[in-house]
Amino acid sequence: MRTTRRQFFTLTGGALAAASLRLDVAPALAQAAPVKLGILAAKAGVLAPVGESGLRGVQWAAERINAAGGILGRKLELVIEEESSPKDTVERFRKLALHDKVDAVSGAISTGVGLALGPVAEEMKTIWLSWDATTQKGVEETMPKPKYSFRSTDNECEAVMASILTGRHWKGKFKTVAGINPDYSYGRDNWAAFLAIMKKYGMDVQVVSELWPKLGATDFTAHVAALAQAKPDLIFSCHWAGDTPIFMKQAHGAGLTKSTKFVLTTGGGVHESLKKEFTPEGAILGYNTFYFEHARASALAREFVRWHQEKFKEWPNYESDHGYFTIVAYKTAVERAARAAGSKWPSQDAIIQALEGVEAESLSGPRRYREDHIMEATFFQGITTHRNKAYDFVTIDPVETMTTRQIQKPSGVGLYDWINGWKV
Amino acid sequence: MIARVAGAAAMLALLLAPVLASPYQLTLLLPAFAYAIALLGLNLLFGTTGLLSFGHALFVALGAYTAAWLTTRAGVLALEAIVLAAAALAAVIALPVGLLCVRYVKISFGMLTLAFGMLFYSFLYKFYLVTGGDEGIRVLRPRLLGQTFAGLDKVGFLTGPFYYYALALLVLAALVMRRIVRSPFGLSLRAIRENPDKAAFVGVSVRRYRFYAFMIAAVFGAVGGALLAVPTGLADPQLAYWTHSGNLVFMLLLGGFHHFLGPVVGAVVFIFLQDAVMSLTAYWRFVFGALLAVVVIFFPGGLLGLLARERPA
């Protein structure tokens with residue numbers, strides 16, 4: 001035992017002596033030093049494809065900004081860390097703030113991570129521009145008035161839009177509904193919002209089945225069997241990850257796609273995997289805030305889609321746009337604040353002030369941050385079609401767009417108070 | 001002599017770290033201290049008694065959720081009360097779980113602990129009203145010995161008062177554990193590990209002693225969990241997930257489970273290694289998997305085993 005302790009102290013003593021050297025002392029910030037932006041992108045598990053998508057949008061934005069001379073002459077430098085569990089991601093955030101001394105952090109998708117990061121961003125006094133992860137709990141309870149955190153659109157926007165479209169297209173054409181949604185806050189929030197809106201619209205729907213498969217599930221046999229037995233007129237699902245095509249394939253195999261109506265609020269997250277062979281025409285399908293084949297897409301969006309397809313052989317999804325916007329919003333805010341500061345690099349407080357209400361051109365059109373730090377954007381949903389020769393997966397036609405002013409609760413109002421206040 | 005000097009130097013370095021090290025390096029030491037406490041307990045079960053638990057994260061998560069529930073929902077901010085409550089709750093939960101698990105050994109024990117761990121994970125995930133579901137519950141900044149340290153921001157609090165608090169708790173935990181493993185009770189546990197039949201023959205109540213070891217390990221796990229949750233500021237279900245239990249076992253193997261301070265070394269090295277490798281590559285899990293294989297195959301005694309000239313009892 002004595003030997004062990006001796007060796008332990010030798011080892012820890014050496015390690016601590018090494019660790020005690022200050023590695024984080026930076027020289028005084030020169031005006032031309034790069035702007036460091038910390039990026040938190042998921043790289044493993046069910047979140048990985050979406051995290052990668054967000055990262056692509058961020059990198060494209062940074063490349064373009066740097067090619068055009070940077071922000072006020074300072075190049076953008078990305079310090080990329082991984083989003084994983086809340087505990088590990090909080091540690092990554094601290095590393096970005098304390099060790100890398102980044103000017104701001106962009107990223108994070110998971111709601112649990114989002115809830116943990118919000119308070120940490122406030123404590124670390126570091127601007128955090130979230131890609132996603134905006135739950136009601138986060139907005140109403142955890143951080144009602146954040147200073148440093150800028151959040152994405154609400155979780156329920158997609159369910160609200162899909163519910164409005166459901167009412168518009170299918171009111172009176174269905175009676176029984178079933179929900180199959182991933183078992184976490186996003187799934188629960190969306191299903192609850194859908195049911196509340198059905199009630200508000202006076203559609204006397206009867207819930208015949210509520211299923212909560214684990215996010216990222218790879219087998220839906222039991223769930224599909226339950227749905228086949230319940231025989232709902234309409235199935236509502238807000239799956240968005242790699243589990244979506246698995247579910248659709250099994251649902252198709254069980255004959256559910258023949259006559260059942262489908263509302264897939266967020267399936268556009270994995271749109272390329274929704275093949276025509278098992279995804280029916282006539283379903284409502286949501287693409288969140290970016291539809292890669294929008295006829296009225298801007299030149300910027302077309303350029304991004306082309307770049308994405310050439311480089312990755314894939315058509316991009318919404319997370320790229322969330323990531324892209326956070327970077328251009330930061331740039332726009334810095335430039336806006338600099339104008340007020342006589343073209344000098346503005347203080348962090350001035351940048352925060354400029355971010356509030358900032359509007360910038362995203363890939364899906366103009367976006368902005370509200371004064372309460374919530375993102376405003378345009379959402380894309382539509383009716384699935386097989387009539388597209390270029391692809392082996394479904395697309396939507398017609399494409400419907402709604403802005404967050406229509407489908408996101410306003411600042412300071414509870415979601416269900418807002419829905420109940422609608423004039424129908 | 002060299003050991004005493006090195007030990008004194010290491011303690012001095014730990015005591016002076018808040019002055020010498022960067023705030024980020026200090027924030028990395030905090031989870032290392034918390035894990036070290038949990039691992040001291042786990043090693044009583046594994047290294048000393050010979051029972052490998054694959055569900056020890058259950059108790060770490062229990063401690064974290066105790067901190068979350070008390071600070072957020074009950075308004076209890078005194079960390080002393082939180083740590084005591086976590087320890088007490090762990091004992092209450094470990095009572096039935098331990099009674100069941102210690103009826104089995106080897107793989108059956110491992111699988112049962114894994115099952116209970118995942119059961120608790122499902123409970124945390126599904127019971128939204130009590131546990132906050134997937135989003136978990138926030139852990140508010142606690143008071144230490146009645147002091148709020150209101151003048152310090154969170155980083156100042158974590159790298160100052162909380163650092164010393166966690167270090168003191170680790171030293172206390174290590175002293176208590178050393179007393180336990182050196183006691184006749186500890187000797188009996190080692191006898192059970194080496195040969196339970198012989199131990200029983202000489203009058204050791206094998207199942208009862210295994211149960212006591214399980215209870216002590218659970219209490220240490222929860223105390224570590226309560227400390228772990230404060231820097232994160234959130235208790236979430238992933239703390240109870242089986243991969244977290246796997247990480248705990250990895251830390252033990254890395255440090256060397258034959259050695260009393262192996263868990264402490266394992267925790268510190270794991271945290272700093274993970275920090276470095278995570279920043280270098282997205283494939284850090286692969287690197288850690290390979291490292292685990294290397295440790296198990298070539299260095300089964302862990303880091304301290306590498307340096308040891310003799311295998312301690």
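Two strands count as paired if DSSP finds at least two bridges between them. Keep that in mind for the tour; what you have open is a predicted model.

**Stop 1: the sheet in chain A**

Select β6 (residues 176–180) and β7 (206–211) of chain A. These two strands run in the parallel sense, paired over five bridges. For one spot on that pairing, click A:Ala178: across from it, in β7(A), stands A:Ser209.

Now bring in the rest of the sheet. Seven strands of chain A make it up, in the order β7-β6-β8-β9-β10-β14-β15; the sheet is open and its pairing is mixed. Which strands stand at the edges? They are β7 (206–211) and β15 (395–403) of chain A, and each has a single partner strand, so one side of each is left without a neighbour in the sheet. Going from one strand to the next, the twist averages 20 degrees.

Helix α8 (221–230) of chain A touches β6, β7 and β8 (234–237) of chain A, with its direction at about 170 degrees to that of β7(A). Then pick α9(A): this helix touches β6, β8 and β9 of chain A, and its direction makes about 175 degrees with that of β9(A).

**Stop 2: A:Thr257**

Stay in chain A and look in the loop between α9 (243–253) and β9 (261–264), where you'll find A:Thr257. Buried or exposed? A:Thr257 counts as buried, because its relative accessibility is 11% and the cut-off for buried is under 20%. Show its side chain together with that of A:His252, and you'll see a polar contact of 2.7 Å. Leaving aside residues up to four places away in sequence, A:Thr257 touches several others, including A:Met248, A:Phe262, A:Phe278 and A:Pro280.

**Stop 3: salt bridges**

There are 23 salt bridges over all chains. Start with A:Glu303 and A:Arg64, whose closest N and O atoms are 3.0 Å apart. This pair links distant parts of the chain: A:Glu303 sits in helix α10 (299–312) of chain A and A:Arg64 in helix α2 (48–67) of chain A, 239 residues apart. A:Glu303 is partly exposed at 35%, and A:Arg64 is partly exposed at 32%.

For another pair, select A:Lys331 and A:Glu335, which meet in a salt bridge of 2.9 Å, N to O. They lie four residues apart in helix α11 (318–340) of chain A, so about one helical turn separates them. A:Lys331 is partly exposed, at 22% relative accessibility, and A:Glu335 is partly exposed too, at 23%.

Move on to A:Glu371 and A:Arg368, joined by a salt bridge of 3.5 Å, N to O. Here A:Arg368 counts as buried, at 15% relative accessibility. Then show A:Glu81, A:Arg92, A:Lys95 and B:Asp275 together: salt bridges with shared partners join them into one network.

**Stop 4: a helix in chain B**

Switch to chain B and select helix α9 (184–194). Its buried residues include B:Phe185, B:Leu189 and B:Ile192. What do the buried residues of α9(B) pack against? Their partners are α2 (23–48), α8 (161–182), α10 (196–201) and α11 (206–232) of chain B.

**Stop 5: cysteines**

How many disulfides are there over all chains? A search of the whole structure turns up zero. A:Cys238 is buried, with a relative accessible area of 0%. Finish at B:Cys101, which also counts as buried, at 0% relative accessibility.

Technical notes:
Residues numbered from 1 in each chain as written. Chains lettered and ligands numbered in written order. Predicted model: local features only at pLDDT ≥ 70, side-chain atom pairs only at ≥ 80, totals over all residues. Heavy atoms only, no water. Disulfide = S-S within 2.5 Å. Buried < 20%, exposed > 50% of the residue type's maximum accessible area, 1.4 Å probe, protein only. Contact = heavy atoms within 4.5 Å. Polar contact = N/O pair within 3.5 Å; in protein donor to acceptor, adjacent residues only side chain to side chain. Axes fitted to C-alpha atoms, helices over the stretch in contact; angles between N-to-C directions. Salt bridge = Lys/Arg side-chain N within 4 Å of Asp/Glu carboxyl O.
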